[in-house]
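Here is a short report for a reader meeting this structure now. Look through the sequence and the model, then read on.

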Amino acid sequence: MLRIAGLAKRLGDFALDGVDMTVADGEYFVVLGPTGAGKTILLETLAGIYSPDAGTIDLDGRDITRTDPKNRGIGMVYQDYMLFPHLTVGENIGFGLKQGKADPARISESVQETAALLGIGHLLERTTGTLSGGEQQRAAIARALVLQPRVLLLDEPLSALDTVTRERLRRELKAIHRATGTTVVHITHHFEDIFALADRVAVMQDGRIVQTGTPDEVFRRPATEFVAAFTGMENVYCGISRVRDGEAAIDLGEIVVRTVTAIEGDVCVGIRPEEVILSRRPFESSAANTFPGTVTEIRRNGMFSRVVVDAGLPFVAVLTRQSVARLALVEGEPASVTFKASAVHVFKR
Amino acid sequence: MFPRRAALPRPTPFKAFFLAVSFALIAYMLVVIGGLVTYPPLPALIESLLSPEILFAVELSLVTSAVSTAFCVVAAVPVAYSLARFSFPGRGIANTIFNIPLALPPLVAGVALLIFYGPSTFGKMLSEWGLDVIYTPLGIIVAQFFVNLPYMVRVARSGFETINPRYEHVARTLGCTEWGAFRQVTLPLAKSGLIAGLVITWSKSIGEFGAVLMLAGATRMKTETLPIALFLNMSTGDLDLAVAASVILIAISVVSLAVFERYTGGRGVF
């Protein structure tokens, strides 16, 4: 178990400001936050690159706050791979093993095993510059994994990749995590990573953790305005997607949402509150989704109001105050929820 | 680097003027240097090149510059790395102090060294141990080291600064000590920058005159490096030997400049 308490570190413009978090053994823990929230410093402090100004880091009951990075058993993978350009792919992966007193035959065996797990077994003799982004990231992950770290830190490992590669590597990360059981702390600013990978999520803002929970909890009950705004996807529900003729019907239990996607099976959908249209009565339009319901909450927030309509599932909509007045929306009165198929964002669970 | 526009197909008066100035100066430099090399008749030049005095000067220059360059490299690597990587109180001042010899006339540096190694307590102490710096070949090395260390520091620092520190961070998480990460990752990645620095430092120490003159003196066949040989033979009117020393210095400059450009990829360090 990795336990972080009151961790603080100031470094140039970035700062950690009292980070508390606990990661269970074997957990896939995702830290979500915008650029500049201090996520990379958090990882580098966990890895021991920086010594914290205050707070403690505790791994398996051992205080490692001041332990040298090489003795922590924590692996680190950066967004920009950081493969050593003067070594081959194989030498990169074997780099950590070579630091110990392992015998060369054992090293080469472990390197091949790990490379095979990552699907880069055929690239070991290549120089790093000739690899694609996805291959480089696999090599970087293999280099950290081959040491069987207690904790694997991934700093935006998918951000530098194109969409297709990212999608594939994301699936592989999940498979690798399942196969090795390694505890993973993964930093990202893509909320898609959360639904695909995370057991639990921590949302980071201005150097502190503002919310921790399962992906569902964080998205459905954002603890702060910031979390809601950052995720921007308050209406997140999970269900089963069935695709026919390019059109998907996603069964969310209470209701079935229509959209256009190729993703089938277990999915989550998100609809931004500003894309939800409210009306007093159901109306006919080109929008594919209309559900009658009841207004359960109207909350004013500056020029806008957040209106919650229970239409089988609670939908949050953001309206101007004038619209609320014009429609004469009142808590407890009926109202309909309408949104276009294209407003439904689908991600794999 | 921004793309450059072609000047030739349709030269405007502006382009023509600027290019003309450039080519005139190139011609001027080539004529001046070429004139020196071709001044003595070839047999006389060869004879001078093979004279005992010039051979001595070549050997002394090669040995002293090799030793002083080696010391420069060994000393400059930790300094350059510290300036590139660490934040510490007085970093800015340290940077300036290491640059002082760049701006200081070598003659002045030489006088300062002369006083430090001569009448000062330290100088007397060294002399009691049998280490005589003044007017000896050892003085040549000391003078070259002092004047050229900043060049090595500058080039090496610029080399270290281009290396992403995350390489070292990763190496540390992979089980390296700080020393290990430096040796196995940073040094190999900084290699071309260090070689470039080494070449420019070596070439500058071969050509060092003012500081060497002050500290080691100009004694024929004792502290006579190539620039000193040039100076001595000029002052005695022995032009052929002076030109021979110059030709060797020109050849060394051209070769080392070519090597330097190759290892820095033409990116300016100074």
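This is a predicted model: local features need pLDDT of at least 70, side-chain atom pairs count only at pLDDT 80 or more; totals for chains, interfaces and linings use all residues.

Which residue is the bridge partner of A:Val31 in β8(A)? The partner is A:Ile187.

## The six-strand sheet

Strand β3 of chain A covers residues 28–32, and strand β8 of chain A covers residues 183–188. The two run parallel and are joined by five bridges. They belong to an open sheet of six strands in chain A. Its order is β6-β7-β8-β3-β9-β10, and the pairing is mixed.

From one strand to the next, the twist averages 20°. Helix α4 of chain A, residues 133–145, packs on this sheet. The helix touches β6 and β7 (151–155) of chain A. Its direction makes about 170° with that of β6(A).

## Two domains in chain A

Chain A divides into domain 1 (2–231) and domain 2 (235–348). Their centres, taken over C-alpha atoms, are 36 Å apart. Five residues of domain 1 are in contact with four residues of domain 2.

On the domain 1 side, α6 (191–197) and α7 (215–220) of chain A are the elements that give two or more residues. The largest share, three residues, comes from α6(A). By class, this side has three nonpolar, no polar and two charged residues.

Strands β17 (residues 304–311) and β18 (residues 313–320) of chain A pair in the antiparallel sense. Eight bridges make up the pairing. One of the pairs sets A:Phe304 against A:Thr320 in β18(A).

One residue sits between the strands of this hairpin. A:Gly312 takes a positive phi there, near 90°.

## Where chain A meets chain B

How many residues of chain A are in contact with chain B? There are 19, and they meet 15 residues of chain B. On the chain A side, α1 (39–47), β6 (74–77) and α2 (89–99) each supply at least two residues.

## The annotated stretch of chain B

An unreviewed UniProt entry annotates residues 58–260 of chain B as "domain: ABC transmembrane type-1". Over these residues the chain is 80% helix and 0% strand. The end C-alpha atoms of the stretch are 22 Å apart.

How values were computed:
Residues are numbered from 1 along each chain as its sequence is written. Chains are lettered from A and ligands numbered from 1 in the order in which they are written. Two strands pair if DSSP finds at least two bridges between them. Helices (H or I, at least four residues) and strands (E, at least two) are DSSP runs, numbered from the N terminus. Two residues are in contact if their C-beta atoms, placed from the backbone, lie within 7 Å. UniProt positions are given in the numbering used here, feature names are shortened, and annotations may be inferred rather than shown by experiment. Domain bounds come from an automatic or database domain assignment. Ala, Val, Leu, Ile, Met, Phe, Trp, Tyr, Cys and Pro count as nonpolar, Asp, Glu, Lys and Arg as charged, and the others, Gly among them, as polar. Axes are lines fitted to C-alpha atoms, for helices over the stretch in contact, and angles run from 0 to 180 degrees between N-to-C directions.
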